[in-house]
Amino acid sequence: LRSLLAPALALALVAGVAPGAAGSGTLREADAEYRRHLLRARPALATHLGLRGSDARLVPVTEAALRSDDAWLDRFAARLAALDRRALAPPEAVLFDTLRARVERERAPHASGAWRRDPALYLELGPGAVLAGATAPGTGPCTRMKNAVGRLRALPEVLRAARVTLRDGAPSSGD
């Protein structure tokens, strides 16, 4: 999806929207809200999608975070569902489809309970997130080091929260 998101966002920004196009302001506002949400609540995912600004942060997945994120994703999905896709210009329709697919993908582990059972989901919040912050394209070596150090400092809390949140997970064969 990352390969779809960047071009869709770029297309929407470059092509613009005809004045008065139905839903254009609302969709742009929704896109901005989604970006702010990622930067605030899902910095590892924001980095993965190429959004800069939270590359030195990680947010632990706690019960409170799951409830908050689940509620936010439900509200945001309802906001998107209220838009009339047929009234959107082609670049906006691509952005709309991308946002809708991204939100559905993020909602899936909430709906299935995977955040409470699947330790593999936490790999992106651990070593993967540290590596992504340390190798963020378009950043200099000092910024990459700052990103890595910030995420490494957050890692113990992320792992502690994962251990608590994964209470329903089956122990691995090595336990």
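## Aromatic rings

Tyr34, Trp72 and Phe76 are joined into a cluster by ring pairs (rings of Phe, Tyr and Trp, the last by its six-membered ring, with centres within 6.5 Å). The structure has four aromatic pairs. One of them, Trp115 with Tyr122, is edge-to-face, at 5.3 Å centre to centre and 80° between the planes; edge-to-face applies to planes over 60 degrees apart. Both Trp115 and Tyr122 are buried, that is, under 20% relative accessible area with a 1.4 Å probe, protein chains only.

## Basis of the model

This is a predicted model, in which local features need pLDDT of at least 70 and side-chain atom pairs count only at pLDDT 80 or more, while totals for chains, interfaces and linings use all residues. Residues are numbered from 1 along each chain as its sequence is written, and side-chain values use heavy atoms, leaving out hydrogens and water.

## Overall fold

The protein contains seven helices and zero strands (DSSP runs of H or I with at least four residues, and of E with at least two). Of the 175 residues, 38% are buried. Among contacts (heavy atoms within 4.5 Å) between residues at least 6 apart in sequence, 71% join residues at least 24 apart.

## Helices H6 and H7

The axes of H6 (residues 127-134) and H7 (residues 141-165) come within 7 Å and cross at roughly 160°. H6 is therefore roughly antiparallel to H7, a term for angles over 145 degrees. The contact involves Ala129, Val130, Ala132, Gly133 and Ala134 of H6, and Arg144, Asn147, Ala148, Arg151, Leu152 and Leu155 of H7.

How values were computed:
Axes fitted to C-alpha atoms, helices over the stretch in contact; angles between N-to-C directions. Parallel < 35°, antiparallel > 145°, perpendicular 65-115°, else oblique. Phe/Tyr/Trp six-rings, centres within 6.5 Å; stacked < 30°, edge-to-face > 60°. Buried < 20%, exposed > 50% of the residue type's maximum accessible area, 1.4 Å probe, protein only.
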